Amino acid sequence: TLKLGETGLAHFRARNNSDHDIVGKAVFNITPFKAAIYFDKIACFCFTEQRLAPGEEVLMPVTFYVDPALAADPSTRDVNNVTLSYTFYQSEGTPKTAAGEPSSTVN
């Protein structure tokens, strides 16, 4: 739990369950959507491609804050919580499983 304007650090866990390297990029999502313009990432693993070796598990950090201007916006007065989530997409040329699905998991 953070106050508006306070810098936070969160870690997202990713694990490559395959038998080969996985290279990809994480794309973020903010909910509720109307709060997204007030969510600022200072440093994030999502800014660059990530490589995970077979069986590798890593904690990927993101440093962020929620702009205090959120409190002054009449459209966000009902926002009490902001949720950050990520979806990991494999880069072109990275092997996929036989079913065509990415063979890694990101929580």
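Residues are numbered from 1 along each chain as its sequence is written, and side-chain values use heavy atoms, with hydrogens and water left out.

The pLDDT, which is the predictor's confidence in each residue on a scale from 0 to 100, averages 87 over the chain, and 86% of the residues score at least 70. Over residues 97-107 the pLDDT falls below 50, although this stretch has 24 contacts in the model beyond near neighbours in sequence, a contact being defined by heavy atoms within 4.5 Å. Where pLDDT is low, the predicted coordinates should not be read in detail.

The secondary structure comprises zero helices and seven strands, and the order along the sequence is β-β-β-β-β-β-β; helices (H or I, at least four residues) and strands (E, at least two) are DSSP runs numbered from the N terminus. Among contacts between residues at least 6 apart in sequence, 81% join residues at least 24 apart. Of the 107 residues of the chain, 34% count as buried, where buried means under 20% relative accessible area, exposed over 50% and partly exposed in between (1.4 Å probe, protein chains only).

Strands are taken to pair if DSSP finds at least two bridges between them. An open sheet of three strands has the order E4-E2-E6 with antiparallel pairing, and its edge strands, E4 (50-52) and E6 (83-90), each pair on one side only. The twist in this sheet averages 40° from one strand to the next, with axes fitted as lines to C-alpha atoms (for helices over the stretch in contact) and angles running from 0 to 180 degrees between N-to-C directions. Strand E2 (residues 22-31) is joined to E4 by three bridges in an antiparallel arrangement, with Gly24 opposite Gln50 of E4. Eight bridges join E2 to E6, also antiparallel, and here Ile30 stands opposite Leu84 of E6. The covered face of E6 carries Leu84, Tyr86, Phe88 and Gln90, while Thr83, Ser85, Thr87 and Tyr89 lie on its uncovered face.

Further antiparallel pairing involves strand E5 (residues 57-66), which is joined by eight bridges to strand E1 (residues 8-15); in this pair, Ala14 stands opposite Val58 of E5. Strand E3 (residues 39-44) is joined to E5 by five bridges, again antiparallel, and the bridge partner of Phe39 in E5 is Val66.

The largest nonpolar core contains 21 residues, of which Phe45, Val62, Leu84 and Tyr86 touch the most other members; such a core is a set of buried Ala, Val, Leu, Ile, Met, Phe, Trp, Tyr and Cys residues joined through side-chain atoms within 4.5 Å. At least two residues of this core come from each of E1, E2, E3, E5 and E6, and E5 gives the most, with four residues. Apart from neighbours within four places in sequence, Val62 is in contact with Gly8, Leu9, Ala10, Phe12, Lys41, Ala43, Cys44, Leu84 and Tyr86. In soluble globular proteins, nonpolar side chains tend to be buried together.

One disulfide was counted under the criterion of a pair of cysteine sulfur atoms within 2.5 Å. This disulfide joins Cys44 to Cys46, with an S to S distance of 2.5 Å, and both Cys44 and Cys46 are buried. The torsion about the S-S bond of Cys44 and Cys46 is about 130°, so the disulfide is right-handed.

Two loop positions were also examined. Pro32 lies in the loop between E2 and E3, and the peptide bond that joins Thr31 and Pro32 is cis, with omega about -5°; most residues other than glycine have a negative phi, and most peptide bonds are trans. Leu70 is placed in the loop between E5 and E6 and is buried, with a relative accessible area of 5%. Leaving out residues up to four places away in sequence, Leu70 touches Leu4, Ala35, Tyr38 and Thr76. The C-alpha atoms of Leu70 and Phe39, which are 31 residues apart along the chain, are separated by 9.0 Å.

Key: This is a predicted model: local features need pLDDT of at least 70, side-chain atom pairs count only at pLDDT 80 or more; totals for chains, interfaces and linings use all residues.
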